[in-house]
Amino acid sequence: GRASAPLAALSQVLRLERSRRTAIVFPLQKLERYLAPGTDTARFRLFQPGLAALQRAEALFRSDRGHPIDYVSSAVRMDHAPPPALPEVCFIGRSNVGKSSLIRALFSLAPEVEVRVSKTPGHTKKMNFFKVGKYFTLVDMPGYGYRAPQDFVEMVEAYLQERHNLKRTFLLVDGVVGLQKTDHIAVEMLEEFGIPYVMVLTKIDRASRGLLLKNVLGIQEFVKENTQGCFPQLFLVSSLEFSGVHLLRCFVAHVTGNLPTIEA
């Protein structure tokens with residue numbers, strides 16, 4: 001197995017000085033100070049768990065003998081998918097949005113879990129299922145747009161419509177380029193099917209502060225004006241620096257029913 005990254009564990013993040021710690025755990029809040037006076041920041045803090053909830057969520061993503069985290073199977077059709085026994089979340093996004101890298105970061109405390117990250121965009125051609133102990137399943141969906149599998153639409157539409165144990169879909173958007181035409185199509189599909197989803201901005205370490213702020217505000221406005229099923233708060237992540245990864249683990253634990261509501 002590979003070694004986990006330096007800031008993969010909360011205990012390592014907590015050793016940092018306060019502003020750096022906040023930037024890693026709550027990257028959206030770091031942007032708040034650069035907003036124009038009077039800007040409504042309610043959508044920046046809708047999901048703001050305390051340390052106990054973050055630690056509890058991290059424990060779910062840390063494998064041990066009594067709590068295995070395993071790649072279960074891959075499927076190209078729904079009749080090949082594992083039984084829908086546990087609460088489930090799925091991750092979708094454009095082919096080069098950094099989806100597999102993010103899933104690898106989420107599972108970095110279970111280094112035996114093999115999440116393939118390809119140098120070539122569009123590597124994921126199947127739905128890949130990962131079982132997190134007895135608590136939930138995480139699904140890595142094929143990327144859309146560039147080099148998408150031929151039967152992508154049929155595969156994804158069937159999954160979204162038939163998977164009754166699906167608790168939340170995580171729609172990944174490139175934090176550098178913002179919403180693209182193909183992302184709008186994905187949003188329309190999720191809205192049409194009435195699927196609850198959340199937007200995650202990836203690669204935030206590659207965007208300048210000004211560009212990131214512009215994209216965040218633009219997408220928040222889009223969500224407010226054009227969506228019904230999207231959670232109003234965006235989640236910002238960097239798989240490289242682990243910014244936002246701890247918070248995203250906590251949100252996954254929350255939506256799969258694995259955090260007492262009082263903590264979250």
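Predicted model: local features only at pLDDT ≥ 70, side-chain atom pairs only at ≥ 80, totals over all residues.
Helix α4 (residues 51-60) packs against helix α9 (residues 245-255) at an angle of about 80°, and their axes lie 8 Å apart. That angle makes α4 roughly perpendicular to α9. On the α4 side, the contact is formed by A53, L54, A57, E58 and L60, which meet H246, L247, R249, C250 and A253 of α9. Sorted by class, this contact of α4 with α9 comprises 7 nonpolar, 1 polar and 2 charged residues.

Two residues of this contact, E58 and R249, also join through their side chains in a salt bridge, with an N to O distance of 4.0 Å. Because R249 belongs to helix α9 and E58 to helix α4, the pair ties together parts that are 191 residues apart in sequence. R249 is buried, at 1% relative accessible area, and E58 counts as buried at 9%. Together with R62, E58 and R249 are linked in a network of salt bridges.

The salt bridges of the model come to 8. Among them is the pair of E32 and R45, at 2.7 Å from N to O. E32 lies in helix α3 (residues 27-32) and R45 in the loop between α3 and α4, so this pair ties together parts 13 residues apart in sequence. E32 is buried, with a relative accessible area of 16%, whereas R45 is partly exposed at 37%.

A further salt bridge joins the side chains of E88 and R163, at 2.7 Å from N to O. It links distant parts of the chain, with E88 in strand β2 (residues 88-93) and R163 in the loop between α6 (152-162) and β5 (166-174), 75 residues apart. Both E88 and R163 are buried.

Conventions:
Residues numbered from 1 in each chain as written. Heavy atoms only, no water. Axes fitted to C-alpha atoms, helices over the stretch in contact; angles between N-to-C directions. Helix = DSSP H or I, 4+ residues; strand = E, 2+ residues; numbered from the N terminus. Parallel < 35°, antiparallel > 145°, perpendicular 65-115°, else oblique. Contact = heavy atoms within 4.5 Å. Nonpolar A, V, L, I, M, F, W, Y, C, P; charged D, E, K, R; others polar. Buried < 20%, exposed > 50% of the residue type's maximum accessible area, 1.4 Å probe, protein only.
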